[in-house]
Amino acid sequence: RQNETLAMIASENHASEAVLEAQGSALTNKYAEGYPGERYYAGCEYADEVEQLAIDRAKELWGADHVNVQPHSGSQANMGVYLAMLDPGDKILSLDLTHGGHLSHGHPANFAGQTYEVEQYEVDAETGYVDYEGLDELAHSFDPDIIVSGYSAYPREVEWERIQETADAVDAYHLADIAHITGLVAAGVHSSPVGVADFVTGSTHKTIRAGRGGMILCDEEYADAIDNAVFPGTQGGPL
């Protein structure tokens, strides 16, 4: 299938041979609950080295102050942000799934939709672009605690600053999910939400072509809350 078809879905990008070799090595047998230098298992000195290298490279690639590379997926990364910053019943404003959003942004069948109150904005039916004016109006009437941008099926460049202006106006956090465009942002061919949004989440296995996993990028002021939400808040050892 890989040899004979052209796959244009980010979720099924092809990992490099180097990534396949690393994930097929004995390192996959090592359980490493905790963080570099603060593990709950013995023998984690090499896991520490690998994780710190991933953190340092992510900081350099995306220009973030703090990066957590332990989430098992982009959905787990989003869960980490919600747990860190929201209480059950708080309000999420996000793009409707059928308009290009994602399950973890608040679909009723997903943990996010079951735990939080969710309202969703849409794309303009005529232009196909996010209806930023409608988003702003909805934010002022709904008064969300967090606004989610970044999408799974949206073939346009996202106007991060415009959404941040709305978030500031209604005193909401702004989470930018770049799971499908991590590589485009890293390469500088899509504008970056880092330094604009409060939190940036992403997958490591899509357009960045690394091993399967997720990450959370944020300012240093949120570092402890994010780290505690990922471990031990939502999961055990990292991949």
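**Figure 1. The largest nonpolar core of this predicted model has 31 residues.** A nonpolar core is a set of buried Ala, Val, Leu, Ile, Met, Phe, Trp, Tyr and Cys residues joined through side-chain atoms within 4.5 Å. Buried here means under 20% relative accessible area, exposed means over 50%, and partly exposed is in between, with a 1.4 Å probe and protein chains only. The residues with the most contacts inside this core are Trp-62, Val-130, Ile-147, Tyr-151 and Leu-217. At least two core residues come from each of α2 (45-62), β4 (91-95), α5 (132-142), α6 (160-169) and β9 (214-218). The element that gives the most is α5, with four residues. These labels are DSSP runs numbered from the N terminus: helices are H or I runs of at least four residues, and strands are E runs of at least two. In soluble globular proteins, nonpolar side chains tend to be buried together. Another core, of 19 residues, lies apart from this one, and Met-85, Ile-146, Leu-175 and Cys-218 are among its members.

A note on the model: this is a prediction, in which local features need pLDDT of at least 70, side-chain atom pairs count only at pLDDT 80 or more, and totals for chains, interfaces and linings use all residues. Residues are numbered from 1 along each chain as its sequence is written, and side-chain values use heavy atoms, with hydrogens and water left out.

**Figure 2. Here we zoom in on the surroundings of Tyr-151.** Which residues are in contact with Tyr-151, leaving aside its neighbours within four places in sequence? They are Leu-95, Gly-100, Tyr-121, Val-130, Val-158, Ile-163, Asp-177 and His-180. Contact means heavy atoms within 4.5 Å.

**Figure 3. Helices α3 and α8 are roughly perpendicular to each other.** Helix α3 covers residues 74-85 and helix α8 covers residues 223-234; they pack at an angle of about 115°, with their axes 8 Å apart. Axes are lines fitted to C-alpha atoms, for helices over the stretch in contact, and angles run from 0 to 180 degrees between N-to-C directions. Angles under 35 degrees count as roughly parallel, over 145 as roughly antiparallel, 65 to 115 as roughly perpendicular and the rest as oblique. On the α3 side, look for Gln-76, Met-79, Gly-80, Val-81, Leu-83 and Ala-84, and on the α8 side for Ala-225, Ile-226, Ala-229, Gly-233 and Thr-234. By class, the residues of this contact are seven nonpolar, four polar and no charged. Ala, Val, Leu, Ile, Met, Phe, Trp, Tyr, Cys and Pro count as nonpolar, Asp, Glu, Lys and Arg as charged, and the others, Gly among them, as polar.

**Figure 4. Helices α5 and α6 are roughly parallel to each other.** Their axes come within 10 Å and cross at roughly 15°, and the crossing is right-handed. From α5, Tyr-132, Glu-133, Leu-135, Asp-136, Ala-139 and His-140 meet Arg-162, Ile-163, Thr-166 and Ala-169 of α6. This contact has five nonpolar, two polar and three charged residues.

Figure 5. Is Tyr-82 buried or exposed? Tyr-82 sits in helix α3 and counts as buried because its relative accessibility is 0%. Leaving out residues up to four places away in sequence, Tyr-82 touches Ile-92, Ser-104, His-105, Phe-111, Ala-112, Tyr-116, Val-148 and Leu-175. Asn-78 is also placed in helix α3 and is buried, at 0% relative accessibility. Beyond its neighbours within four places in sequence, the contacts of Asn-78 are Ser-104, His-105, Leu-175, Asp-177 and Thr-201. His-105 belongs to the loop between β4 and α4 (111-115) and is buried, with a relative accessible area of 1%. Among the residues in contact with His-105 are Asn-78, Tyr-82, Gln-120 and Asp-177.

**Figure 6. A cis peptide bond joins Phe-231 and Pro-232, and two aspartates have a positive phi.** Omega at the cis bond is about 10°, and Pro-232 is part of helix α8. Asp-143, in the loop between α5 and β6 (146-149), has a phi of about 55° although it is not a glycine. Asp-143 is partly exposed, at 45% relative accessibility. Asp-171, in the loop between α6 and β7 (173-177), likewise has a positive phi of about 55°. Asp-171 counts as exposed, at 71% relative accessibility.

Terms used: Left-handed = near helix turned anticlockwise from the far one by under 90°.
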